[in-house]
Structures are given as C-alpha cells and as structure tokens.
Amino acid sequence: NIQNWRFVVVEDKELREEIRKVSWNQAQVTEASLLIILCADLQSWKQDPSRYWKNAPEAVQNMLVPAIGNYYEGRPQVQQDEAMRSCGMAAQTLMLAAKAMGYESCPMDGFDFDAVA
C-alpha cells in the first residue's frame, strides 16, 4: 500500500491542447469530459514508511519498517515494477468506479512521456 500513484486532473483547455499535440493528436485528450494523467512516484517508499505499520505491534513495526528500505534501496527496477503495479491497480479501480457511476473511460497510451510530464 505504498500508493506510488498520483492523479493529475487536467482542466485547463489550453494545456489539454498542448498535451494533445504530443499525444499523436488523439482526439480524446481534448474531447473527453475529464482528462486524468496517472503519474508514478518511484520514491514514495521513502516517505514516512512507518505510516504503513503504525497500528501494528511494536515488534512487527521494528521488523517491517526497515525491510521497506532494504527492499527498495538501490533497486530501480523493483521501484519501477512496484510503481507500475500500484498505478495499474489504481487506474483499474478508478475506471471501475467511473463505470459504476455510468461513465465510460479509456486508458490511453501513445504520447511523449517526457513532453507530457
């Protein structure tokens, strides 16, 4: 539950036009009623890792909190894999919630990641 995901809701119409230009001119960037960009924070595991185990017994905290750093530190592929897994679950949950509310949604690829960032 590291929650590597960050949601960016893009409401500015001019910014959406700019994003469309670097997204193979895909119409949904500007035509969809809502544009959400899902970003990953590869370093989120460093941000107060004790919060994940704050309600656990102290002995459990003493064992598991340091294990978080030991698992991720110096392992960029593991950090990326965890972020992708976390973001994938978050995106699917968001899309299922939208569907339950009667909205259609679509994950999107086909854009210049650096330019969108």
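Modeller: Happy to; below we take the cores, the pocket, a helix and then some single residues of this predicted model.

Biologist: Let's begin inside. Which six residues form the largest nonpolar core?

Modeller: In soluble globular proteins, nonpolar side chains tend to be buried together. A nonpolar core here needs buried residues joined through side-chain atoms within 4.5 Å. The largest such set has six members: V10, I19, V29, L35, I37 and V116.

Biologist: Which residues does L35 touch, beyond those up to four places away in sequence?

Modeller: L35 belongs to the largest nonpolar core. Once residues up to four places away in sequence are set aside, the residues L35 touches are V8, V9, V10, R16, I19 and V29.

Biologist: Which element gives the most to the lining of the largest pocket?

Modeller: Several elements give two or more residues to this lining: β1 (5-10), α1 (13-21), α2 (28-31), β2 (35-40), α4 (76-100) and α5 (113-116). With nine residues, the one that gives the most is α4.

Biologist: And how many residues of that lining are nonpolar?

Modeller: The lining of the largest pocket divides into nonpolar, polar and charged residues. Six are polar and three are charged, while the nonpolar ones number 32.

Biologist: I'd like to look at α1 next. Why are its buried residues on the same side?

Modeller: The buried residues of α1 are R16, I19 and R20. They lie on the same side of α1 because the arc they cover around the axis is only 105 degrees.

Biologist: Which exposed residues does the opposite face of α1 carry?

Modeller: The buried residues of α1 pack against β1, α2, β2 and α5. On the face turned away from that buried side, the exposed residues are E14 and K21.

Biologist: What about the backbone? What is the phi of Q3?

Modeller: Most residues other than glycine have a negative phi, and most peptide bonds are trans. Q3 sits in the segment before β1 and is partly exposed, at 29% relative accessible area. Although Q3 is not a glycine, its phi is positive, at about 55 degrees.

Biologist: Is W24 buried or exposed?

Modeller: W24 is in the loop between α1 and α2, and its phi is positive too, near 55 degrees. The cut-off for exposed is over 50% relative accessible area. The relative accessible area of W24 is 70%, so W24 is exposed.

Biologist: Which residues is Q28 in contact with, leaving aside its neighbours within four places in sequence?

Modeller: Q28 lies in helix α2 and is partly exposed, with a relative accessible area of 34%. Its C-alpha atom is 25 Å from that of D41, a residue 13 places away along the chain. Beyond its sequence neighbours, Q28 is in contact with R16 and M108.

Biologist: Does S86 count as buried or exposed?

Modeller: S86 is part of helix α4. Buried means under 20% relative accessible area. S86 has 9%, so it counts as buried.

Biologist: How far apart in space are V9 and A67?

Modeller: V9 lies in strand β1 and counts as partly exposed, at 45% relative accessibility. Leaving aside neighbours within four places in sequence, V9 is in contact with L34, L35 and I36. A67 is 58 residues away from V9 in sequence, and the C-alpha to C-alpha distance is 34 Å.

Note on methods. Residues numbered from 1 in each chain as written. Predicted model: local features only at pLDDT ≥ 70, side-chain atom pairs only at ≥ 80, totals over all residues. Heavy atoms only, no water. Buried < 20%, exposed > 50% of the residue type's maximum accessible area, 1.4 Å probe, protein only. Contact = heavy atoms within 4.5 Å. Helix = DSSP H or I, 4+ residues; strand = E, 2+ residues; numbered from the N terminus. Nonpolar A, V, L, I, M, F, W, Y, C, P; charged D, E, K, R; others polar. Arc of directions from axis to C-beta.
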